[in-house]
Amino acid sequence: MHESTAKSIFERGAWYVVIQGILIGLILFGPRGSYLVNSEPLTTTLQSCGIAIGLLAFLIMAIAVINLGKNLTPLPCPKDDAELIQTGLYRHVRHPIYFGVLLAACAWLLIFPGIYVLAYSISLFVLFDIKAKREEVWLVERFPAYRDYQSRVKKLIPGIY
């Protein structure tokens with residue numbers, strides 16, 4: 001039996017997914033806090049930008065899911081039959097689904113610019129950074145070529161981080 005087959009769902013990182021779900025729920029449905037912007041023309045402009053960025057975010061997530069194919073799992077531990085993907089959006093960022101979700105959180109912040117939405121979004125970024133770090137330990141164990149990939153491609157934000 002392969003080592004990861006015997007791992008429980010929590011040993012495979014389910015806690016990250018639970019916390020991620022809570023943070024996304026808070027972003028979408030939680031209290032928003034006081035608004036960071038009080039100017040009507042600026043609010044309208046930010047909301048329009050938020051809608052456009054949100055559509056882009058969903059497109060990025062959809063393409064990344066297609067690129068990942070049968071390797072897709074919400075857990076940070078790769079599937080037993082996983083293959084290393086470095087093509088498509090994965091040429092530009094190691095975790096494009098996380099990037100898409102973070103972009104969607106930013107879009108929501110532009111549409112509903114509340115202080116709590118900002119705090120939840122920052123928390124989601126920190127969580128994804130920690131989750132990706134753990135995920136990449138498993139990926140390096142499974143795929144020695146992943147180290148070279150890490151040195152060439154940014155983790156969460158294409159060309160930046």
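Let me start with M61, which touches I97, G100, V101 and A104, leaving out residues up to four places away in sequence. Contact here means heavy atoms within 4.5 Å. M61 sits in helix 2, residues 40-68. Helices are DSSP runs of H or I with at least four residues, strands are runs of E with at least two, and both are numbered from the N terminus. With a relative accessibility of 14%, M61 counts as buried. The cut-offs are under 20% relative accessible area for buried, over 50% for exposed, and partly exposed in between, using a 1.4 Å probe and protein chains only. For a sense of distance, M61 and K7 are 54 residues apart in sequence, and their C-alpha atoms are 28 Å apart in space.

A quick word on what you are looking at, friends. This is a predicted model, where local features need pLDDT of at least 70 and side-chain atom pairs count only at pLDDT 80 or more, while totals for chains, interfaces and linings use all residues. Residues are numbered from 1 along each chain as its sequence is written, and side-chain values use heavy atoms, with hydrogens and water left out.

Let's move to helix 3, where we find L103. L103 has 17% relative accessibility and therefore counts as buried. Which residues does L103 touch, setting aside those up to four places away in sequence? They are I53, L56, A57 and I60. L103 and S123, by contrast, are 20 residues apart in sequence and 14 Å apart from C-alpha to C-alpha.

On to the helix pair. Two packed helices are described by the angle between their axes and the distance between the axes. Helix 3 covers residues 96-111 and helix 4 covers residues 115-142; their axes come within 10 Å and cross at roughly 175 degrees. That is why helix 3 is roughly antiparallel to helix 4. From helix 3, the contact is made by Y98, V101, L102, A105, W108 and L109, and from helix 4 by V117, L118, S121, L124, F125, F128, K131, A132 and E135. The axes are lines fitted to C-alpha atoms, for helices over the stretch in contact, and the angles run from 0 to 180 degrees between N-to-C directions. Under 35 degrees counts as roughly parallel, over 145 as roughly antiparallel, 65 to 115 as roughly perpendicular, and the rest as oblique.

S121, in helix 4, has a relative accessible area of 9% and so is buried. Beyond residues up to four places away in sequence, S121 touches I27 and A105.

Between helix 3 and helix 4 there is a loop, and G114 lies in it. How is G114 classed by its accessible area? G114 is buried, at 0%. Leaving aside neighbours within four places in sequence, G114 is in contact with R32, G33, S34, Y35, L36 and L109. Take Y35 from that list: it is 79 residues from G114 along the chain, yet the two C-alpha atoms are separated by 4.3 Å.

Finally, the whole chain. It has five helices and zero strands, running α-α-α-α-α from the N terminus on. The C-alpha trace spans about 60 × 30 × 25 Å along its principal axes. Of the 161 residues, 39% count as buried. Among contacts between residues at least 6 apart in sequence, 79% join residues at least 24 apart.
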